[in-house]
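The stops below are meant to be selected in order.

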Amino acid sequence: MLKVDELSLGNEMTIAMEKIKTYFECHRCHIIDTKENWSMTSNKTICPECGKIEQFDIWPSSDVLDLIKHALEYVPASPYYGLVTSVFVCTAFELLLEKLLYIMALEDFWEEQVSVVIEKLIDAYQGRDRKLQLYTHVGWGRTFSEDVKSTGHKKFIEHWEKLVRIRNKSVHGDLELSAHIKPEHIETICIEGIDVFYKLCNIYTIDTWDYTYALEQSEHGSEAKKEFEKLQKWKDNVEGKNK
Ligand SMILES: [Zn+2]
């Protein structure tokens, strides 16, 4: 958890990965938004969603950010460029998928009630393919691909699957395919992936009790309500499109 006086960490990360936006996750309502949308003064930060003076976490967490940072900064001239970057980025996305599944499984529950069960469930579904099966089970019956398309990134699934194929071949010593990976591919997929996962996390967060409670307690009730209605409309729209 970060406080205002620890913001320099956020700035360092922005410099290291200029192309990736900095996001904050509210510690109260758990909505993720870009740093620019948070209202910040020298002694307080106000969440753009619940309107509370709140503490926040940098999103994604450092385990994911480190993998993405290493992939974006890896030496392009290395003969192992494709191998290393595909392993880092695929691992980062699998971690993001796990975190998203956790949020999805919280629908209509308090975190304290179900966290242990959710963790066991996610552990039981190892690997990307199994986790994508779990996605349909814990979500609203929709597939991950359908949800991703609703975020506006129609090519993300194709890009991710291609990277997984390259990763799987190159970790077994076949570097032929990985030689085609260029820094611009890694940059594109990282930007797409972060945007996809932040939007999906928010869509499913608004169905959690933590979020509902945070909004009910909001000091800026009407503003927060407007934001909630906006998200709800977007969600309804997404559901309508996928019917
Ligand atoms: Zn908030």
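In which helix does Ala-92 lie? Select Ala-92 and you will find it in helix H3, residues 81-105. Residues are numbered from 1 along each chain as its sequence is written. The model is predicted, so local features need pLDDT of at least 70 and side-chain atom pairs count only at pLDDT 80 or more, while totals for chains, interfaces and linings use all residues. Helices (H or I, at least four residues) and strands (E, at least two) are DSSP runs, numbered from the N terminus.

Stay on Ala-92. Ala-92 counts as buried because it has 24 C-beta neighbours inside 10 Å. A residue is buried if 20 or more other C-beta atoms lie within 10 Å of its own, exposed if 12 or fewer, and partly exposed in between, with C-beta atoms placed from the backbone. Leaving aside residues up to four places away in sequence, Ala-92 touches Val-64, Leu-67 and Ile-68. Two residues are in contact if their C-beta atoms, placed from the backbone, lie within 7 Å. Asp-63 is 29 residues from Ala-92 in sequence, and the C-alpha to C-alpha distance is 7.9 Å.

Now zoom out to the whole protein chain. It has 10 helices and 5 strands. Of its 243 residues, 34% are buried. Among contacts with a separation of 6 or more, 70% join residues 24 or more positions apart.

Next, select helix H2 (residues 62-73) together with helix H8 (residues 183-205). Their axes come within 9 Å and cross at roughly 155 degrees. That makes H2 roughly antiparallel to H8; angles over 145 degrees count as such. Axes are lines fitted to C-alpha atoms, for helices over the stretch in contact, and angles run from 0 to 180 degrees between N-to-C directions. Which residues meet between H2 and H8? Ile-68, Ala-71 and Leu-72 in H2 meet Ile-186, Glu-187 and Cys-190 in H8.

On the H7 side, Phe-156, His-159, Trp-160 and Leu-163 take part; on the H8 side, Ile-189, Glu-192, Gly-193 and Val-196 do.

Move to helix H5 (residues 128-138). Its buried residues are Leu-134, Tyr-135 and Val-138. They fall within an arc of 115 degrees seen down the axis, so they line one face of H5. The arc is that of the directions from the helix axis to the C-beta atoms. Asp-129 and His-137 are exposed on the other side of H5. H3 and helix H6 (144-150) are included in what covers the buried residues of H5.

Two loops remain. Select Pro-60, in the loop between strand S5 (56-59) and H2. A cis peptide bond joins Trp-59 to Pro-60, with omega about -5 degrees. Then select His-30, in the loop between strand S1 (23-26) and strand S2 (32-34). Is His-30 buried or exposed? His-30 counts as buried because 24 C-beta neighbours lie inside 10 Å. Although His-30 is not a glycine, its phi is positive, at about 70 degrees. Most residues other than glycine have a negative phi, and most peptide bonds are trans.

Notes: Parallel < 35°, antiparallel > 145°, perpendicular 65-115°, else oblique.
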